[in-house]
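Reader: I'm new to this. Could you walk me through a structure and tell me where the words come from?

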Amino acid sequence: MNARDESGHLLKHASGYHAPVLWNDVIQHLVTDPVGTYVDGTLGGGGHTEALLQALAREGRVIAIDRDDDALAEADHRLAGPIDEGRLTLVKGNFADAPRLLRDMGVESISGMLLDLGVSSHQFDAAARGFSHRFDGPLDMRMDTTQGEDAADLVNRLEVGDLIRVLSRYGEEPKAPRIAHALVKARPISTTRELADAIEAAAFRGQEKKTLARVFQALRIAVNDELEALDRILEAAPGLIGVGGRLAIISYHSLEDRRVKRIMRTGNAQGTVRRDVYGNLLSPWKDVTRKPIVADEEEIEVNPRSRSARLRVAERVDDSNQGASQTI
Ligand SMILES: C[S@@+](CC[C@H](N)C(=O)[O-])C[C@H]1O[C@@H](n2cnc3c(N)ncnc32)[C@H](O)[C@@H]1O
């Protein structure tokens, strides 16, 4: 299914800031209780949040989190109506800290959570944010520009061995040692153009574009601790979502999707299938989607970013009696 609604709006909820991918599939799979409280852990341009608010009854509520001030400012303006009505609360923070953020708000349990991972089109397209090799700008790449080490500091500080590890782990870059040595040689690097030039000079002919994409991705993941944040929320989510509620995650590369798949299929980060003596899976989750939902050609055509999107959904099941019988 594509992201069209009944009246055929493929890009409904899109803004100049970001176009939400697979929004119709997200809503159909995520909303199980129209008067429930939902968390959008990755507010971005607020497209999915807006779609959620429209799908819920008036009593339904959304708490939307982002660590980027631009996203919060955009939603503050775009979604002023639901904020004034008390249906939407914006929170600055890391979704990995959702247990604490929700506790601070007095929220004990939620009906569902959405994570649309990675960066928004706005972050990519704003040269000053330093996420893209297509524009020249300061090599920043922080989602939260108020704290932490930026990409320039990281690339100038790391020992070559650590740089190799970052490029191969987070970018799955096959020529990580060659590229890392080239970056060390090109130091100090302070702009996206300088970084791109150093990568292009070291990449094999014909491989420049792919190498650029992999290295920029690797540094962005490292700067923002993206996989650590994902691992933390995957572990915490069963304690937040009530039985019958759902977790929907859109990932954009295999490092994310692998983690999400393991947890949703087996209930643990190792991906180990554990069953009780009756053969029942020991897990807080029931895998709803089995295979990831992907964008169709029509959506990809109007929103090329949706090409790599993989949506997976799991439902929280009652696991209070699990483990009472012996594990086999
Ligand atoms: C792909 S965009 C989300 C787009 C959004 N679904 C929409 O409809 O516009 C990802 C957003 O999540 C934010 N983000 C990524 N990781 C985060 C984290 N660990 N905690 C909070 N926000 C995060 C980014 O700053 C970015 O604004």
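Predicted model: local features only at pLDDT ≥ 70, side-chain atom pairs only at ≥ 80, totals over all residues.

Reader: Why are α12 and α13 called roughly parallel to each other?

Author: Helix α12 (residues 226–240) and helix α13 (residues 254–266) pack at about 10 degrees. Angles under 35 degrees count as roughly parallel, so α12 and α13 get that name. The angle is taken between N-to-C directions, on a scale from 0 to 180 degrees, with axes fitted to C-alpha atoms over the stretch in contact.

Reader: Which residues make the contact?

Author: Leu 227, Leu 230, Asp 231 and Leu 234 of α12 meet Leu 255, Glu 256, Arg 259 and Ile 263 of α13. Contact here needs C-beta atoms, placed from the backbone, within 7 Å. By class, that gives five nonpolar, no polar and three charged residues.

Reader: What makes β3 and β6 edge strands?

Author: The open sheet runs β3-β2-β1-β4-β5-β7-β6, with mixed pairing. Strands β3 (88–92) and β6 (285–287) each pair on one side only. Pairing takes at least two DSSP bridges between two strands.

Reader: How do you know that β4 and β5 pair?

Author: Strand β4 (residues 110–116) and strand β5 (residues 241–251) share six bridges, in the parallel sense. The cut-off is at least two, so β4 and β5 count as paired. Met 113 stands opposite Leu 247 in β5.

Technical notes: Residues numbered from 1 in each chain as written. Helix = DSSP H or I, 4+ residues; strand = E, 2+ residues; numbered from the N terminus. Parallel < 35°, antiparallel > 145°, perpendicular 65-115°, else oblique. Contact = placed C-beta atoms within 7 Å. Nonpolar A, V, L, I, M, F, W, Y, C, P; charged D, E, K, R; others polar.
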